[in-house]
Amino acid sequence: MNDKLNNWINWILYDELIDGKINAPKHILGNHEYGSGQVITCYKPHSERVSIKAPRGKSLIEMERIGDDGFYGIYFPKPKFKGVNYRFVTDYYDGTTVESADCYAFDGQFTDYDAYLFAEGDHYDIYEKMGAHPMEIEGVKGTYFAVWAPDARRVSVVGDFNMWDGALNPMQIHSASGVYELFIPGVEAGAVYKFQILTRYGEILYKADPYGNYNQMRPDNANIVADLRNYAWKDEAWMEDRKKLSRMDRIKMPMSIYECHLGSWKKKIEDSDFGFYGYRELAEMIGKYVKDMGYTHIELMGIAEYPFDGSWGYQVTNYYAPTSRYGSPEDFMYFVDHMHSLGISVILDWVPAHFPRDAHGLGRFDGMPLYEHADPRKGEHPDWGTYIFNYGRNEVSNFLIANALFWVEKFHIDGLRVDAVASMLYLDYGKRDGEWVANEKGGKENLEAIKLLQTVNDVMEKRNPGAYLIAEESTAWPGVTAPASMEGLGFLFKWNMGWMNDFLEYMKLDPYFRSFNHNKLTFSLSYAYAENYILVISHDEVVHLKCSMLNKMPGFEFDKFANLRTAYGFMTGHPGKKLLFMGQEFAQLREWSEARSLDWYLLDDPKHQGMQDFVKELNHMYTKYDALYYNDNEPMGFEWTKVDDKDSGIVAFVRRGKTAKDQLMFICNFVPVERKGYRLGVPCLTNYKEILSSDEEKYGGLGRNMGPKKLLKAEAVPCDRMENSILIDLPPLSVTVLKYDYKEAKKPDEK
């Protein structure tokens, strides 16, 4: 061996390299100055010889083989190759020859400033550094890999480009940050990879990339290198308009949400685990449907990659990757882009509340608790069998905050619905005594989770004006939609779970018993303005033996449909934005299952077609009249006109918008009794025109409504504590909507 080479080699690092335990391979591999000369080394196991040459040169200089394990070196008295300006030519025993640039000659991309921001929890663009990023460095194309694994003994990139051999591409640790990085020349988009981690206890783990952007189709679970820079967006005008929207603008806009599970909305091949339509096909089909139905928003379940279909996407293993069930990241970008072209906003479900134990996922990522708490009383959900994020660890909170920004900034998502917020807020959620630990103040509030939620809402509003977060929060936690500056959590909207539970309990009752439960219908108005609410009938209400919406309704078939139309009508009139889960708009008979398509064949039945037409009409009415959304959060936007006659089964209320024109009155009859010539109090002495009746024949009713051309003229006859009233025929189990222009009552001395 050359004496200079022998003197230069750090033999301790050499042993670590050969033993597969090295975490700083650049200290012994790559291009190094040595005195006035140069040392270049490489590690090529299973090779016969390695030579070095200029990138476009033909002459080869054979390197010296050191030992029998594939380590090679060469010493030049005067530097011969600058930087990365050389290539290895490796001859293997099987006769193959491979030419490659030296991955250990390239400078790292993860800077000290990156490390500082990440350690502080403030590196909101961390997804631009972590993960796998195709790029070109000094004229060499390849992929840069980075991963956080501070407790690992060694981390390697393994994949189909290196025969999944962890000895070939060990990564370089960046100082004390715990981040490992490596640029591998020649690796392009489409390459399959994982991180091989040697733990402090000698165990070998194969982990999917926490920041990876594309995954193999389950049951395989490796990552695929993806380049997110190539998609040509066409929604520039949409994004510019979105930036101009303030919180106040958002809460005064219409919001009718179609909650959708892409894999079961419609399947290409039934009874198949792989018979999915792709994002692009679904964009065309669903986009046309949602637009025609009059929805303003679509909310997608389960987009971030998850291994088990039955979790519906709520047990996520890859937070930065749209699921490959329906195609590539670019395909998903097309889906969002197409929705925007139709004027439809896109909301994603986002799950920072927990993550599963799958071996390739985040759990015990580097052999130790990393993303989760070490103490199971803090780090595990016993009921769900999942881990809880360690929200107080800066790098973990950074991972989650940046992930929320990632979907909005890289995929142009308009809003995120945060799943299971209550499980984040309470340390004792789903736990018995002894299974949880109180906070530093002795309470059960998760102070670290509260800070995370406040921060992500605050940062989102500052970086992406017009984008927003929605909380699925099932308790009476105060200030969920109050700004963080006012000690709120900062969400823009909250799901109204209280209304949903009470209302569905009321609607499931036989009409005879509804009079004894009248408060379930009316109580929600006592807190309707406490938060910015969304009224929801979500997927959770039509699974696990809860029945479909139609089969929740009492009575024979005709009554079930009439009840459901009335329910949807009441929901449309009630203050709050709206959400309805797919299939319920045409009265799906069966409970929802992720394994099969919706029962679209039901639309051959006039009753189901009528229900779909009715929901469509409700949606279009909702967006047409600002009385139904503009003052959702103002008491002036709603007034009961008949509410305290529980025995009649009839309630009536008015909705008011920006002006005195086009105000609406809803009259709901929740009993199967027809009321002819029924007197109702009205807000003013004017004409009232019917614009919708759920009893119209085209919706499946019997046509006992008064008709859209007939006007009802109010009389100065007191009723329901009002000075004026109308006489109206009310069909049984129905909702009737009247339109009027408000007129001030004339004073006695006015003519």
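Which residue of β10 stands opposite Pro134? Before I answer, a word on the basis: this is a predicted model, where local features need pLDDT of at least 70 and side-chain atom pairs count only at pLDDT 80 or more, while totals for chains, interfaces and linings use all residues. Residues are numbered from 1 along each chain as its sequence is written, and side-chain values use heavy atoms, with hydrogens and water left out.

The residue opposite Pro134 is Thr143. Strands here are DSSP runs of E, at least two residues long, and helices are runs of H or I of at least four, numbered from the N terminus. β9 (residues 131–137) and β10 (residues 140–148) run antiparallel and are joined by seven bridges; pairing requires at least two DSSP bridges. Two residues separate the strands in this hairpin, and Glu138 adopts a positive phi near 50°. Five of the seven residues in β9 are buried, that is, under 20% relative accessible area, with exposed meaning over 50% and partly exposed in between (1.4 Å probe, protein chains only).

Strand β10 also contributes at least two residues to the lining of the largest pocket, as do β2 (37–43), β7 (87–92), β8 (97–100) and β13 (179–185). The greatest share, four residues, comes from β7. The lining comprises 35 residues, and Val98, Glu99, Ser100, Ala101 and Pro185 lie nearest the centre. A pocket is an open set of points on a 1 Å grid over the protein atoms alone, with protein on both sides within 12 Å along at least five of seven lines; lining residues have an atom within 4 Å of a point.

Finally, Phe516 sits in the loop between α14 (511–514) and α15 (518–522). Phe516 counts as exposed because its relative accessibility is 55%.

Conventions. 1 Å grid on protein atoms, 1.4 Å probe; cavity = no way out; pocket = protein on both sides within 12 Å on 5 of 7 lines; lining within 4 Å.
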